[in-house]
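This briefing looks at two residues and their surroundings. Please keep the sequence and the structure in view while reading.

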Amino acid sequence: MSHSIKDRVVVVTGGSKGIGRGIAQVFAEAGARVAIMARDGKQAAAVAAEIGHGAIGLAGDVTDKASLVSGFGAVAQRFGGIDVLCANAGVFPSARLETMTEAEWDHVSDTNLKGTFLSVQAAIPFLKKSDQGRIVVTSSITGPVTGFPGWTHYAASKAGQLGFMRTACMELAKYGITVNAVLPGNIVTEGLAGMGAAYQASMAASVPLGRLGAVADIGHAALYFASKEAGYVTGQTIIVDGGQILPESLDALAQA
Ligand code: NAP
């Protein structure tokens, strides 16, 4: 499968850390020409150098339309176009519903949901010119499938991404552009790793496959949606969570 991504130009928003970095690494190793975008352009460039395979990093803010337009333009100029957008950038600060401020709500919504809209809109002129135009959104199990106290704003943004996707894929189908979403469970990122082994072990205990996800697990799912072979798949989701959403109760998990 991976040969069909060779030499394709892939932009990963939020590619300087965590899942985005994992997606960028998987695509680069499969032969894609990868550009990673994050607000901290120096960090993005440093990570691109570590990824290798000709990856580049650049500054860009998904809440800022002008920054996306100029950033994607720079990528297209450098690589000759854009074939794949991985709309991955996201934030997840915790805030309880009863005390959440409008600013806290807006920060999460502006980055995760409006940021997805702005990223997709800015990428469309380039994806239309590709014969393998692909958009892969990083959503979450939180919101579309599950709930987690402290994350009402986040859950709404992640569920909203899927509503957006299901109509965007219809509007973009006439250009041969597909839009799909990956829904990660609990994935080991720099942030989670910093919370210690005991915390990770307690989280892994709720996963039937017995481990937390790796960023490459999400990268491989994104790679499928971006591949030539997935050209007839659009508006769809794939949950990558080690079976985490499946147990009906703690007892069900214990009996497995
Ligand atoms: P992370 O490690 O905190 O990395 C977030 C990335 O997004 C960084 O590269 C960050 O770089 C960038 N970013 C943040 N705000 C941005 C903005 N306004 N414009 C451009 N880039 C921005 O996060 P993660 O855990 O990998 O999460 C990535 C995605 O996966 C998110 O959409 C998240 O909702 C989703 N997800 C994560 C998990 C998990 O277990 N980690 C589970 C389900 C879903 P800068 O700060 O330099 O901008």
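Predicted model: local features only at pLDDT ≥ 70, side-chain atom pairs only at ≥ 80, totals over all residues.

- Ser4 belongs to the segment that comes before strand E1 (9-13).
- Ser4 counts as buried because its relative accessibility is 7%, and the cut-off for buried is under 20%.

**Ser4: contacts**

- When neighbours within four places in sequence are set aside, the residues in contact with Ser4 are Gln132, Ser227, Lys228 and Glu229.

- Arg211 sits in the loop that runs between helix H7 (197-204) and helix H8 (215-226).
- Arg211 has a relative accessibility of 45% and therefore counts as partly exposed, since this class covers values between 20% and 50%.
- Gln200 is 11 residues away from Arg211 along the chain, and the C-alpha atoms of these two residues are 8.8 Å apart.

**Arg211: contacts**

- With residues up to four places away in sequence left out, Arg211 touches Ala204 and Asp217.
- The side chains of Arg211 and Asp217 are also joined by a polar contact of 3.0 Å.

Key: Residues numbered from 1 in each chain as written. Heavy atoms only, no water. Helix = DSSP H or I, 4+ residues; strand = E, 2+ residues; numbered from the N terminus. Buried < 20%, exposed > 50% of the residue type's maximum accessible area, 1.4 Å probe, protein only. Contact = heavy atoms within 4.5 Å. Polar contact = N/O pair within 3.5 Å; in protein donor to acceptor, adjacent residues only side chain to side chain.
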